[in-house]
Amino acid sequence: MVFRLAVTLTNKITEIRTLFQSDTKSVSDSIDSINSLKTKYLGRKGIISGLFRQLRDVASGDRSITGKELNKLKEEITDVLQSLLSHVSRTDIQQPQISKDIHLPGDYIRVGSLHPIEKTIQEVKRIFSSIGFSVVYGPEIDDEYHNFEALNLPKHHPARDMQDTFYVSKDVVLRTHTSNTQIHVMEEQEPPLRFIIPGRVYRNEAISVRSYCLFHQVEGLYVNEHVSFAELKGTLEYFVRNFFGDDVNARFRPSFFPFTEPSAEMDISCIFCRGGGCSTCKKTGWLEILGCGMVDPAVFEKVGYDPIKWKGYAFGMGIERLAMLKYRIDDIRLFFNGDVRFLRQFT
Ligand code: DAH
């Protein structure tokens with residue numbers, strides 16, 4: 001009985017081979033008909049799968065040899081169908097070209113474009129890479145320790161209110177800034193370090209023309225034995241002149257961030273009115289674009305760096321803000337609603 005099953009299956013394999021050969025002769029030169037042949041033989045409920053199912057009933061001694069024959073048949077069929085398909089798809093492409101009137105205008109092919117946020121990030125990366133910064137990425141879901149505590153923002157510190165936080169669970173948050181990644185990198189690597197961190201951040205804010213529940217930042221960190229505030233200013237001025245143009249001026253105002261001391265905010269001369277005063281700069285002639293400062297020794301202590309030996313500067317800026325200024329976009333929500341009429345303008 002068992003012996004007969006193996007013979008029966010071998011006979012069937014031969015039969016199917018013949019059947020397939022005659023099927024391929026009658027198949028028409030269209031992708032659809034070849035595909036239906038493919039389903040008939042190689043589909044999940046196709047002939048070959050059926051034969052493989054029968055293989056289970058063949059005695060174990062014969063199974064391996066019959067299985068090999070079956071695999072061989074499957075390969076043959078796959079090869080033939082493959083070559084039929086590649087032949088048809090080649091002729092499919094050629095045909096319309098031959099039949100087309102060459103005097104007609106060509107087909108309009110719509111080209112995709114980079115999202116303005118991606119474009120801006122690429123530009124920021126290009127500028128900082130040119131002066132020796134590498135690029136690193138960090139987690140968007142993080143623990144409170146990396147997003148707050150290690151950045152000198154202990155629990156219940158009022159400065160935490162500066163950033164409305166989305167909690168994932170008790171100690172886990174959606175990062176409110178890319179500064180979290182400063183800590184991750186410093187925990188893993190020894191100074192000197194010089195890198196930027198582009199990425200998404202999240203804040204539980206009311207959505208408006210100016211704020212959205214998620215946006216992008218680029219963070220920067222430089223740590224070495226001798227780092228001065230003058231170097232920080234020089235680096236950021238180099239950046240804004242490259243990004244906005246040579247005629248842009250910068251100024252630094254004292255500010256506060258828990259992870260830097262001293263801290264500053266940087267303004268650029270208004271790129272719309274050139275400092276004369278307009279509605280975008282609220283008649284001040286200046287536009288605020290980033291926060292920065294010298295790394296607070298308390299942060300170095302958290303990551304186990306000797307704060308006497310190592311100095312550093314850090315900065316963080318909003319990508320949407322840069323893009324809105326550069327491309328004159330007046331509503332931050334446009335970046336997130338995927339309206340192709342908006343996106344097509346960046347082709
Ligand atoms: N993390 C700050 C924010 O999200 C931005 C920032 C300010 C980053 C100063 C820095 C810095 O590294 O030094 O508002």
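Colleague: How many aromatic pairs does a search of the whole structure find?

Modeller: The search turns up 16 aromatic pairs. Keep in mind that we're looking at a predicted model.

Colleague: And how do I read one of those pairs?

Modeller: In general, a pair of aromatic rings is described by the distance of the centres and the angle of the planes. Take F243 and F244: their rings sit 4.8 Å centre to centre, with 80° between the planes, and the pair is edge-to-face. The F342 and F346 rings have centres 5.2 Å apart and planes at 70°; that angle is over 60 degrees, so this pair is edge-to-face too.

Colleague: Are F243 and F244 buried or exposed?

Modeller: F243 is buried, with a relative accessible area of 4%. F244 is buried as well, at 15%. As for the other pair, F342 has 7% relative accessible area and counts as buried, and F346 is buried at 9%.

Colleague: Which residues do ring pairs link into a cluster?

Modeller: The cluster is made of F128, F133, Y222, F239, F243, F244, Y313 and F315. Two of those names come back when we get to the strands: Y222 stands opposite Y313 in β10.

Colleague: Good, let's do strands. What should I look for?

Modeller: The general idea is that strands of a sheet pair through backbone hydrogen bonds, either parallel or antiparallel. Here, β6 (residues 214-224) and β10 (residues 311-318) pair in the antiparallel sense over 8 bridges. β6 is also joined to β5 (residues 193-202) by 10 bridges, again antiparallel. In that pairing, I197 stands opposite E219 in β6.

Colleague: What is the strand order in the open sheet of 3 strands?

Modeller: The order is β2-β4-β3, with antiparallel pairing. β2 (141-143) and β3 (167-169) are the edge strands, each pairing on one side only. From one strand to the next, the twist averages 35°. If you want to trace a contact, 3 bridges join β2 to β4 (residues 172-174), and D142 has V173 in β4 as its bridge partner.

Colleague: Now helices. Which residues of α2 are buried?

Modeller: S33, I34, L37 and Y41 are buried in α2. They cover an arc of only 100° around the axis, which puts them on the same side of the helix. The exposed residues D32 and T39 are carried on the face turned away from that buried side.

Colleague: How far does α2 reach from its first C-alpha to its last?

Modeller: α2 (residues 31-42) has 12 residues and reaches 16 Å, close to the 16 Å expected at 1.5 Å a residue.

Colleague: What about N71: where is it found?

Modeller: N71 is in helix α4 (residues 60-99). At 39% relative accessibility, N71 counts as partly exposed, because that value falls between the 20% and 50% cut-offs. Its C-alpha is separated by 9.1 Å from that of I48, a residue 23 residues apart from N71 along the chain.

Colleague: Last one, zooming out: what domains is the protein divided into?

Modeller: There's domain 1 (2-94) and domain 2 (117-346). Their C-alpha centres lie 60 Å apart in this predicted model.

Technical notes: Residues numbered from 1 in each chain as written. Predicted model: local features only at pLDDT ≥ 70, side-chain atom pairs only at ≥ 80, totals over all residues. Heavy atoms only, no water. Pairing = 2+ DSSP bridges. Helix = DSSP H or I, 4+ residues; strand = E, 2+ residues; numbered from the N terminus. Axes fitted to C-alpha atoms, helices over the stretch in contact; angles between N-to-C directions. Domains from an automatic or database assignment. Expected span 1.5 Å × (residues − 1). Buried < 20%, exposed > 50% of the residue type's maximum accessible area, 1.4 Å probe, protein only. Arc of directions from axis to C-beta. Phe/Tyr/Trp six-rings, centres within 6.5 Å; stacked < 30°, edge-to-face > 60°.
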